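Subject: Structure handover and notes on helix packing

Hello,

The structure is below for your files. My notes on some of its helices follow.

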Amino acid sequence: MSRKMLIDGEVNQPNEQEAHYDFDLFVIGAGSGGVRASRISANFGAKVGICELPFHPVSSEVIGGVGGTCVIRGCVPKKILVYGASFGGEIEDARNYGWEVNEKVDFNWKKLLQKKTDEIIRLNGVYKRLLSNSGVKLFEGEGKIVGPNDVEVTQLDGTKLSYSAKHILIATGSRAQRPAIPGQELGISSDEALSLEELPKRAVVLGGGYIAVEFASIWRGMGASVDLFFRKELPLRGFDDELRAVVARNLEGRGIDLHPQTNLTELVKTEDGIKVRTDHGEELIADVVLFATGRSPNTKRLNLEAVGVELDKTGAIKVDEYSRTNVPNIWAVGDVTNRVNLTPVALMEGTCFAKTVFGGQPSKPDYRDIPCAVFCIPPLSVVGLSEEQAIEQAKGDILVFTSTFNPMKNTVSGRQEKTIMKLIVDAETDKVIGASMCGPDAAEIMQGIAIALKCGATKAQFDSTVGIHPSSAEEFVTMRSATRRIVAGTKPKTNL
């Protein structure tokens, strides 16, 4: 079959020798990016093979599962637990809405855990069917590269299969890291946190990123005492400082004990639990200690040195704007490249790869205005530039619009938890260049705002949009007066 492929930046007809390859494309890693790339490539007429490690909720170097981190041990199961934890606060709030709820409400962790597991098993099956229905050949086992056009798959029984491919795509994602402290083997990663047999009563979380604040919210919402330790003054480094302060206040308001500018130095097993020691000389006892201290690209067992694929200092695969490595027919997408480590970004990269290589449509992923959300309780969601980023990148003045209010639901429930919304505007062009929100339904609202930013919407267009009343979302189109104007040349404040 004759197929158009991108060769050295140009779309050319393949030569006669290409018929000797077993596959047009072989993908190592069947997570979000790998599955998307393989399906779209197959739809363009490519013969595609893909391999993935055997399924299990907790990953290791030899265990994974079709669907990858997001589906099996990431976004999806985490969101299910966030929903479960949110009911704790909802039940409290229901009392002032007339619901006569018993003082003691029991929570069955094992029931939710089983429901979560049932769902990820279902989704694992869905992803396998998506591959099969697209004509992609799935191999279960560990894949590695043995030549510029050759891969080897070690099956569960140890049998090795070898295949040749015109193009190889690496989409093996990343894995959680552990800090190098004495007793680190007593701690767990987010993998294990999603599958604990018993719900902890006393939890310690180390880290200030997405995973740390989300699990702190989950366990606190389910009734555990939670201590959150992080290195900076505020959690969620890299997000807008004003929103970070609101998140910290909300976490404390929900009963989480924050320990800023504090690190763990040692874990010790005792009869009463795990003794946690900090660099401030504190000691406390926990049932579980979660390390949410970053993730590392999954590249160690791929045998990349055999063909000279270049890695950066973190172990991530270096790629160009088209996701191509320094070896022309080897490509990489998703977290293994450590660009923007979000599932929808891996999907975008996988789509662009397939269009470029098999669709005759050279396509570069667009990393501008990528929306994202942190599913702490209540959630934070952003798109575009933070205030600090805008000041740093600005060539002219910046207008900042903010609205802080008590959501209507809280006025009856009595919950003291403010919502904040924020728009960043280029004063000269009137273009909205950043938006952020912390409050109920933030992610659902921000997805719509992201479309507006992608279309280049101006503040005047926001202002001319009729709001939906009564809703929190309408605040984004009713912020008429700027909270402050930041003059060009102002130095951004230190990231706390």
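What covers the buried residues of helix 11? The cover includes strand 18 (372-374), strand 19 (380-384), strand 22 (432-438) and helix 12 (459-463). Contact here means heavy atoms within 4.5 Å, and helices (H or I, at least four residues) and strands (E, at least two) are DSSP runs, numbered from the N terminus.

Some ground rules. This is a predicted model, in which local features need pLDDT of at least 70 and side-chain atom pairs count only at pLDDT 80 or more, while totals for chains, interfaces and linings use all residues. Residues are numbered from 1 along each chain as its sequence is written, and side-chain values use heavy atoms, with hydrogens and water left out.

Helix 11 (residues 442-454) has 13 residues. Its first and last C-alpha atoms lie 18 Å apart, close to the 18 Å expected at 1.5 Å a residue; the expected span is 1.5 Å times one less than the number of residues. Its buried residues (under 20% relative accessible area, with exposed over 50% and partly exposed in between, 1.4 Å probe, protein chains only) are Ala 442, Ala 443, Ile 445, Met 446, Ile 449, Ala 450 and Leu 453. Gly 456, with a positive phi near 80°, follows helix 11.

Buried residues in helix 6 include Glu 214, Phe 215 and Trp 219. After helix 6 comes Gly 223, whose phi is positive, near 105°.

Helix pairs

Helix 1 (residues 32-43) packs on helix 8 (residues 343-358) at about 30°, with the axes 8 Å apart. Axes are lines fitted to C-alpha atoms, for helices over the stretch in contact, and angles run from 0 to 180 degrees between N-to-C directions. The pair is therefore roughly parallel (under 35 degrees; over 145 is roughly antiparallel, 65 to 115 roughly perpendicular, the rest oblique). Among the residues that meet are Arg 36 and Ile 40 in helix 1 and Leu 347 and Phe 353 in helix 8.

Helix 3 (residues 75-94) and helix 4 (residues 109-133) pack at about 150°, with their axes 10 Å apart. That makes helix 3 roughly antiparallel to helix 4. The contact includes Ile 80 and Leu 81 of helix 3, and Trp 109 and Lys 116 of helix 4.

Regards
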